Amino acid sequence: MRGMWIKLAAAAALALGVSACGADVQKSDTTGGGAAETTAAAPDAGTARGGQLVISNWDQYMPRNLIPDFEKQTGIKVKLAKHSTNEDVMGKLEAANGGGYDLVFVSGPFAQSLARRGWAAEIDQAKIPNLRNLYPEARELAYDPGNTHSVPYTWGTTGLCYRSDKVSGTPDSWEDLLRPSEELKGRVTMLGTDRWLLLPALKTLGFSANTTDEDELKQARDLLLETKKDLLAYDDTTFYSKLVSGEASLVEAWDGWCNYGIAEDPKIRFVVPREGSDLWVDTMVVLESSENKDAAMQFIDFVLSPESGRGVVDLLSYKVPNEAAMSGLDPRLVRQFPNLGMTPQELLRGENLQDLGEGQPAWSRTVSEITS
Amino acid sequence: MAVSTPERSRAEGRARRAPGLGARRLALLGPALTWWALLLVAPVLLILAYSIFRRGIYGGVVYEATLDNFDRLLDPLYLRVVWFSVRVALETTVLALLIGFPVAWFIATRPRRWRTALLVVIVLPFWTSMLIRTYAWMALLNDEGLVNNGLESIGLIDRPLKLLYNEFPVVLGLLYTYLPLMVLPLYAAIERLPRELREASHDLGANSLRSFLTVVLPLTRTGVAAGCLFVFVPALGNFIVPELLGGGRRQMVGNLIQVQFLEARDWPFGATLALAVMALMGLFLLVQAKLAGRDRLEAA
């Protein structure tokens, strides 16, 4: 018996420790992380064979009836896997050397990376007549001009989300966030993921959101270190609830997520700062390894129908690059969430985020410098 | 683990007496060894392998051996992050010990039928997702939260205390999360401490403090060391608490590793960082094993 308790305790402790570490922060490394809740454990895709279409998307990032409707209309069976982040699905593709799925939903820079590595199949435009529903602007996005290897699913931008009853005047500049006024000190939050952590500073300084110039990154870092003193927190997941609870008055936010705040408190507003912002796009990519490419193209075509597009907007309050869907939106929805009414021209003033390539390590170092 | 050393030497002793048992031993150990090789040794080797390669331009791994990652590790920037993590984990461990010891003592000295119930209460929080419990702390501690509103309503403070997004809630959150891991081994150590020893020390004229320092503490040292290890190790690697309760203002080494894997797509450097943390923890394990070993010698 001696020592048994200690061993029991040790076993329990290790088991508990492991389960605690296993909990995954639901960090949306993407704008697309989507509808607030995402599950950590994604069912594994297995192999993408046997005539059934294997798709991976963020959890809750697609209307519930979309897949059943597609199956009914085409007779093609779909198996849906879920990922919690871009990197999650990229990691699985990495492990399977670009295989395992027929179609994945990833953000623009990741679609670009898939294409450059030769893992993305060429989009067979003839098989997707509904491509004509896309805004012309959505056909020429910088990360994939001409939609050769990806098709946009949702898009939007990043801006300031604020409580109009707690902020005097209308904030219209990133400086309102980076150099907060006395009333806002300690009541602002910023996004913590690299691309959006640096975006406000880069835009304020007049640099590109895709810069990899070390000196420009340094200047952005210095500005952000100043801001940190007046910052409540870096927050990628609960910033809109902080606005609702009154903890924060002004936060850096993705347009779609600000809408979640607006849904709870109509005094919350969204504005794109005048220095400009980004244009993020979540896309659909067909894998080169897929043996069901035609079925995958059919699926994309189905998603691009006006009805599917409207379903996406209804579910997520995100914008879709689908003109046919957007023009038929319920005007009440646009009145409630004004940023749904942004035109493609307005969105395109934002800079399209692209893969940082060799510049990525310099970016993550800069992030560490800011948060260490 | 060090606590099983006496067991192992006993097993070896038996094996020496009965050399023909090799095949059966292997058959019995087989499942455990396979498990261990597949889920512990192989992943560690993978991490080791990744650490000597470099990141591809678009993420992924380029299989070209290099020691660059270890060079980067020595960057003062990352050493600062590691040092901050060690400090926070140490603060958590010391507080957990100060709180955990009396709690374990209390439980171990209750009538037997109460002990199990009390231990279940200690472990109960683990039945809820850690993420949810962490968000619950945010709801309690924020400017408009229960704690601040409560203190304001009874007039103790007139403006909210800054209870979130600094080092305090990080230590608090880690302490809350890992305290049970301190209490359980301490309980185990205290429970098997014969009551007569303390009574004897009192009979010999020692006051409570003296009796605690010269009798109780040395005899529960293994439990103390195990508890400290169980708290320190996961606290050092946690990345949820610093991100949520700390407001992401200061990275701990867990965040740093997470960012390498999830944002920077720099698996090789992430692997190198993970390796460094493992080495650090190995060091602590060694110290603990030494302590436990000395214990055994003294007992002999």
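Asn147(A) is buried, with 20 other C-beta atoms within 10 Å; a residue counts as buried if 20 or more other C-beta atoms, placed from the backbone, lie within 10 Å of its own, as exposed if 12 or fewer do, and as partly exposed in between. Welcome to a predicted model, in which local features need pLDDT of at least 70, side-chain atom pairs count only at pLDDT 80 or more, and totals for chains, interfaces and linings use all residues. Residues are numbered from 1 along each chain as its sequence is written, while chains are lettered from A and ligands numbered from 1 in the order in which they are written. Here is a tour by topic.

- Most residues other than glycine have a negative phi.
- Asn147(A) is not a glycine, yet its phi is positive, at about 50 degrees.
- You will find Asn147(A) in the loop between β5 (144–145) and β6 (151–156) of chain A; helices (H or I, at least four residues) and strands (E, at least two) are DSSP runs, numbered from the N terminus.
- In chain B, Tyr165(B) also has a positive phi, of about 65 degrees, although it is not a glycine.
- Tyr165(B) sits in the loop between α7 (146–153) and α8 of chain B.
- Tyr165(B) counts as buried, because it has 26 C-beta neighbours inside 10 Å.

**Chain A as a whole**

- Chain A contains 15 helices and 13 strands.
- Of the 372 residues in chain A, 54% are buried.
- Among the contacts in chain A with a separation of 6 or more, 76% join residues 24 or more positions apart; two residues are in contact if their C-beta atoms, placed from the backbone, lie within 7 Å.

**Domains of chain A**

- Chain A is divided into domain 1 (31–155 + 279–341) and domain 2 (158–276 + 357–370), with bounds that come from an automatic or database domain assignment.
- The centres of these two domains of chain A, taken over C-alpha atoms, are separated by 28 Å.
- Contact between them involves 8 residues of domain 1 of chain A and 8 residues of domain 2 of chain A.
- On the side of domain 1 of chain A that touches domain 2 of chain A there are 4 nonpolar, 4 polar and no charged residues; Ala, Val, Leu, Ile, Met, Phe, Trp, Tyr, Cys and Pro count as nonpolar, Asp, Glu, Lys and Arg as charged, and the others, Gly among them, as polar.

**Domains of chain B**

- Chain B splits into domain 1 (1–51) and domain 2 (68–299).
- The C-alpha centres of the two domains of chain B are 29 Å apart.
- In chain B, 7 residues of domain 1 are in contact with 13 residues of domain 2.
- Helix α2 (residues 22–51) of chain B gives the most to the domain 1 side of this contact, with 4 residues.
- That domain 1 side in chain B has 6 nonpolar, 1 polar and no charged residues.

**Where the chains meet**

- Between the chains, 51 residues of chain B are in contact with 45 residues of chain A.
- On the chain B side, α4 (76–108), α6, α8, α11 (221–237), α12 (240–244) and α13 (253–262) each supply at least two residues.
- The largest share of that side, 8 residues, comes from α8(B).
- By class, the side of chain B that touches chain A has 26 nonpolar, 13 polar and 12 charged residues.

**Helix packing in chain B: α6 and α8**

- Two packed helices are described by the angle between their axes and the distance between the axes.
- Helix α6 (residues 130–141) and helix α8 (residues 167–191) of chain B have axes that come within 11 Å and cross at roughly 135 degrees; axes are lines fitted to C-alpha atoms, for helices over the stretch in contact, and angles run from 0 to 180 degrees between N-to-C directions.
- That angle makes α6(B) oblique to α8(B), since angles under 35 degrees count as roughly parallel, over 145 as roughly antiparallel, 65 to 115 as roughly perpendicular and the rest as oblique.
- The crossing of α6(B) with α8(B) is right-handed; a crossing is right-handed if the near helix is turned clockwise from the far one by less than a right angle, and left-handed if anticlockwise.
- Met130(B), Thr134(B), Trp137(B) and Leu141(B) in α6(B) meet Pro169(B), Gly173(B) and Thr177(B) in α8(B).
- This contact of α6(B) with α8(B) has 4 nonpolar, 3 polar and no charged residues.
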